[in-house]
Amino acid sequence: MDSRSEYDAVIIGGGHNGLASAAYLAKAGKQVLGLEANQHVGGAAVSERPFAGLDATISRYAYLVPLLPSQFVSHLGRHLNLPPPKLNSPPTLLPTVQTQN
């Protein structure tokens, strides 16, 4: 960890939004401190093995990656080839609450 005591910005949470915020601020020349409670960063963008004894790696929101704006990737000086988004593929479950009249 950096021993610096002053920062221009402190980002709480190392999920994809926190990482994006920190990247933009750092690119603008700001001194940024990122804080994350977990042992890894990435939030919903991280692949996990949620079931003990089952060799299955699941990425919670991998199906949203094609929706990543190319402008964001280019702002960070990176190149990423993504397939065009296929909405509703795979099908998603959207639970709703029914109220009785």
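Glycine 43 is partly exposed, at a relative accessible area of 30% (buried means under 20%, exposed over 50%, partly exposed in between, with a 1.4 Å probe and protein chains only). Glycine 43 sits in the loop between β2 (32-35) and β3 (47-48). The model is predicted: local features need pLDDT of at least 70, side-chain atom pairs count only at pLDDT 80 or more, and totals for chains, interfaces and linings use all residues. Residues are numbered from 1 along each chain as its sequence is written, and side-chain values use heavy atoms, with hydrogens and water left out.

**Overall fold**
- The protein has two helices and four strands (DSSP runs numbered from the N terminus: helices are H or I with at least four residues, strands are E with at least two).
- Starting at the N terminus, the order of elements is β-α-β-β-β-α.
- The protein has 101 residues, and 12% of them count as buried.
- Among contacts with a separation of 6 or more, 30% join residues 24 or more positions apart (contact means heavy atoms within 4.5 Å).

**Confidence**
- The mean pLDDT of the protein is 78, and 71% of the residues score at least 70 (pLDDT is the predictor's confidence in each residue, from 0 to 100).
- Strand β1 (residues 9-12) has the highest confidence, at 97.
- Strand β4 (residues 58-59) has the lowest, at a mean of 76.
- Where pLDDT is low, the predicted coordinates should not be read in detail.

**Helix α1**
- Helix α1 covers residues 16-27, which makes 12 residues.
- At 1.5 Å a residue, the helix should span 16 Å, and its end C-alpha atoms are 16 Å apart, so the two values agree (the expected span is 1.5 Å times one less than the number of residues).
- Gly18, Ala20 and Ala22 are buried in α1.
- The cover over the buried residues of α1 includes β1, β2 and α2 (70-75).
- Glycine 29 follows α1 and has a positive phi, near 90°.

**Leucine 25**
- Leucine 25 belongs to helix α1.
- Leucine 25 is partly exposed, with a relative accessible area of 29%.
- Leaving out residues up to four places away in sequence, leucine 25 touches Ala9, Ile11, Lys30 and Val32.
- Leucine 25 and isoleucine 11 lie 14 residues apart in sequence, and their C-alpha atoms are 9.9 Å apart.

**Surface**
- The protein exposes about 8,600 Å², and carbon and sulfur atoms supply 55% of that area (areas come from the Shrake-Rupley method with a 1.4 Å probe; for residues, only the protein chains shown count as cover).
- Val10, Ile12 and Leu35 make a nonpolar surface patch of about 300 Å².
- Patches are made of residues with over 30% relative accessible area and no salt bridge; like charges are joined within 9 Å, and nonpolar side chains (Val, Leu, Ile, Met, Phe, Trp, Tyr) within 5 Å.
- A salt bridge is a side-chain nitrogen of Lys or Arg within 4 Å of a carboxyl oxygen of Asp or Glu.
- Leucine 35 is part of strand β2 and counts as partly exposed, at 36% relative accessibility.

- Glycine 43 and leucine 19 are 24 residues apart in sequence, and their C-alpha atoms are 9.5 Å apart.
- Glutamate 6 lies in the segment before β1 and is exposed, with a relative accessible area of 64%.
- Glutamate 6 and valine 32 are 26 residues apart along the chain, with 9.2 Å between their C-alpha atoms.
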